[in-house]
Amino acid sequence: MNHLTDEQLAQWLEGGGNPQTQSHLAGCAQCRSEAEELRDGISRYAIAMRRQADRAQSLSLGGYFAPQKAWARHRLRWAAATALALLLAAPTLWMMNKPHPQGPLVVSAPVPAQPAAALSDDELLEAVNNDLSREVPQALAPVSAITTGRNRIAAASTVAAIPSNLSAR
Amino acid sequence: MEETLTVPGISASGWTAAEFDDIVRQHQARIYRVLWCELRDDEAAATLTQDCFLKAYRARSEFRGESSVSTWLVRIAVNLARDYQRNRRQGFWRRLLGSNTREAELATDVAEDTAPRADRALLAREQLQRTMEAVKSLSPQQQTAFHLRFLEELSIEEVADAMGIGIGTVKSHLSRAVNALRQQRNKP
């Protein structure tokens, strides 16, 4: 038994086919099943495609031929892209322009903290000693400094005059 | 009296603004659908729908009324889709990235609405996937013929007119589509 050809099935799918096709389908369960399955598949495909297209259309055109909407959407996209770019660039710009409380950032070898603290302690101690040992009024301090300076120079020259072997004792 | 639309370089005869507005309103859903089925691209379908009506308006003096306005517009849309596909360089990647999602959506859609029970939903999804595979295996011309005949339900003559081909060629395309569907059905 010859089953239906593609052409005959296509004709039937297009709307019935000729009497010969009809009579074959009535008597052949295999062709009938195949024809019905193809018809159902096409029908489902058509429904799904129409639905998807209608959905896409309602989103794309907003119901009616509207070039203004397309342009507005285009501008909105650019605005969103610009905002995103600025958002991404903001931390970098902030880091670059961040004010440094101790002047501009200088990259250098780290300074050990301990000697700095020691120096500070020495300075403080010297200042306290100076205050305690001050024997002249504040107003006369410059004169006193000159005198002290002269005495130091004199003392230094005396020490220099002593032979090194004696000064080491 | 209604004002007639004027476009530079085109005679003012033909449809009035209101008439053309009606034509757009009546046919834009179909034109969008035809373009969307051809391209599977929302934005391109929207843009080409607008192009289609613009082209139709500009060429309205050429419309002789030998076919319906609908068929004439579909013809313009099919040609626009073909030009677009020819010029689209990035089409390969777009199709590659977009087609699976579309097909999954389509399959779910049909399974949800046309087959409420779980077993029927499964069957419907499988049937739809086979149909989609079969359609995908067709040439662009065969796909267009298939879509216009079975989705838009144009007659064979209208399909031939819209595609600018002979009736025999349309029948041949549809037979090829049926052959592809049968092959998919018989696949294990």
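How many residues of chain A are in contact with chain B, and how many of chain B with chain A? Keep that in mind as you open this predicted model.

Stop 1: Select chain A and colour by secondary structure. There are 7 helices and 0 strands. From the N terminus on, the order is α-α-α-α-α-α-α. Now colour by burial. Of the 169 residues in chain A, 15% are buried.

**Stop 2: the contact between the chains.** Show chain B as well. Here is the count: 30 residues of chain A are in contact with 36 residues of chain B. On the chain A side, select α1 (6–15), α3 (29–60) and α4 (67–97); these are the elements that give two or more residues to the side touching chain B. Then keep α3(A) highlighted. α3(A) gives the most to that side, with 20 residues. Next, colour the chain A side of the contact by residue class. You will find 17 nonpolar, 4 polar and 9 charged residues.

**Stop 3: the largest nonpolar core.** This core has 56 residues. Select L35(B), A45(B) and A77(B), the residues with the most contacts inside the core. Then return to α3(A).

**Stop 4: A45(B).** Centre the view on A45(B). Which residues does A45(B) touch, not counting those up to four places away in sequence? From chain A, A45(B) touches A56(A) and S60(A). From chain B, the partners are Y32(B), L35(B), W36(B) and L39(B).

Terms used:
Residues are numbered from 1 along each chain as its sequence is written. Chains are lettered from A and ligands numbered from 1 in the order in which they are written. This is a predicted model: local features need pLDDT of at least 70, side-chain atom pairs count only at pLDDT 80 or more; totals for chains, interfaces and linings use all residues. Two residues are in contact if their C-beta atoms, placed from the backbone, lie within 7 Å. Helices (H or I, at least four residues) and strands (E, at least two) are DSSP runs, numbered from the N terminus. Ala, Val, Leu, Ile, Met, Phe, Trp, Tyr, Cys and Pro count as nonpolar, Asp, Glu, Lys and Arg as charged, and the others, Gly among them, as polar. A nonpolar core is a set of buried Ala, Val, Leu, Ile, Met, Phe, Trp, Tyr and Cys residues joined through C-beta atoms within 7 Å. A residue is buried if 20 or more other C-beta atoms lie within 10 Å of its own, exposed if 12 or fewer, and partly exposed in between; C-beta atoms are placed from the backbone.
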